[in-house]
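Good morning. Please keep the structure in view.

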Amino acid sequence: MNLLQVTDEPVALEVVANEMNTLRYYPQRCINCGMCTKVCPHGVFAPNGAKVKVADHTGCIECGACRMNCPVAAIEVDSGVGCAAAMIRAALTGKEPTCGPDCRGI
Amino acid sequence: MSEIMVTTSEITAANRRDHRLARLAWDRMGHKVAPGLYRLGNPTPSSPVFVTGNYSLSFDALRSALTGMDTHIMVLDTKGINVWCAAGKGTFGTEEVIERIEETGLKDAVQQRTIILPQLGASGVNAHEVRRRSGFKVEYGPVLASDIGEYMKSHEATPEMRRIRFPLKDRMALVPVEIVNYLKFWLPAALLALLFGGLFGILAVLIVVAFGLILFPILLPYLPTRQFSSKGLILGALGGMLFVLLQLQYGGMGLDLQGLIVAAAEVLLMAPPVAYFALNFTGSSPIASRTGVRREIFRYIPMFVIMMALGVVMAVISALVPFGGSL
């Protein structure tokens with residue numbers, strides 16, 4: 001787990017990031033609402049006193065539920081279509097990967 | 001304001017038939033229920049409101065889990081897609097929840113102001129925004145509808161209820177649908193193989209199908225390495241070796257130089273398709289990340305192509321050059 005410093009904010013913001021996926025957590029912004037610990041299906045976040053902590057960074061599957069439900073933008077993650085068939089098709093045709101109702105199967 | 005529909009917890013024979021057909025990929029987009037508000041039992045204005053998608057298997061799992069309870073169910077229009085996939089796409093989403101609350105007149109149908117969503121819908125729904133714009137507080141229930149009864153005792157899910165698992169039963173349920181979905185790949189391949197390779201040709205295709213579409217889902221947690229593609233390559237190589245052994249035993253294949261080249265060609269040709277099925281199984285699993293899948297595609301697809309090209313070259317060499325010398 002790397003602690004990086006980003007400079008696009010007036011105060012240097014602590015970031016918890018990882019090589020394995022795009023999940024980034026900014027603990028200084030956390031207001032401890034606990035929403036991320038509820039919505040994550042892989043136990044990535046855990047209560048830890050005044051702020052949540054990242055308990056299992058590599059368990060993240062980038063579903064985006066935590067970012068979607070974090071009221072203070074303390075979490076970033078690139079979520080989106082992660083289906084291999086859709087991504088291979090997108091790579092071959094140059095179009096955006098798509099799933100759901102317009103899924104054309106494999 | 002639309003009319004409140006009526007439903008029960010009973011899963012009928014027709015429902016079960018619908019579930020079986022869905023599991024066989026029959027009429028893929030046709031397993032739908034009407035979106036809107038439903039009454040289950042005899043709900044009062046203070047009874048809980050559960051939210052789900054309009055895929056019939058999702059709706060049926062929810063209403064079956066609500067046996068003996070008096071509730072409302074608000075069904076979103078997810079175009080016949082399950083909650084998890086629809087949330088990823090955004091059709092089980094913030095806008096649809098807010099619009100459906102308006103459209104069904106939920107504010108007048110109930111007095112309380114909480115809606116209970118499945119946890120797996122959370123990747124499409126911003127709970128804070130739903131509350132701000134609709135007045136309804138979003139409560140995320142457990143991952144599995146079958147845990148709702150326990151959840152309702154305290155409105156708190158245990159960490160275990162919040163975890164998504166991928167047990168054998170769930171992996172097995174995907175086998176028929178995968179076999180049918182890939183029919184367009186393996187059926188023509190089997191016919192071609194029968195034409196050019198006879199019974200052993202068709203056996204090779206059947207081994208690829210059995211290893212890639214049946215054994216892989218079953219053995220997923222037990223196969224070594226972390227990535228799906230490398231697990232698939234290992235399993236596919238084992239399938240290829242099984243095929244070679246069967247030829248040695250029953251096909252009159254010899255362990256001379258030519259036999260060894262043929263054997264290597266066969267393993268090189270059979271492992272990549274198994275691994276390709278494995279790579280694609282990431283999308284059927286709840287345990288792969290988008291970054292991880294992208295990495296696997298760029299790392300392994302070129303490798304699959306090279307392996308198969310090498311396999312074709314070796315097969316051609318073995319056919320053209322009369323070796324015959326034993327090692």
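A disulfide here is a pair of cysteine sulfur atoms within 2.5 Å. Searching the whole structure gives 0 disulfides over all chains. C30(A) is in none, and its nearest cysteine sulfur, on C36(A), lies 6.2 Å away. C66(A) is in no disulfide either, with the sulfur of C60(A) nearest at 6.2 Å.

A word on where this comes from. This is a predicted model, where local features need pLDDT of at least 70, side-chain atom pairs count only at pLDDT 80 or more, and totals for chains, interfaces and linings use all residues. Residues are numbered from 1 along each chain as its sequence is written, chains are lettered from A and ligands numbered from 1 in the order in which they are written, and side-chain values use heavy atoms, leaving out hydrogens and water.

Now salt bridges: a side-chain nitrogen of Lys or Arg within 4 Å of a carboxyl oxygen of Asp or Glu. D60(B) is buried at 4%, and R63(B) is buried at 5%.

Another salt bridge pairs E150(B) with K153(B), at 3.0 Å. Here E150(B) is partly exposed at 45%, while K153(B) is exposed at 66%.

Finally, E95(B), E129(B) and R133(B) are linked in a network of salt bridges.

Notes: Buried means under 20% relative accessible area, exposed over 50%, partly exposed in between (1.4 Å probe, protein chains only).
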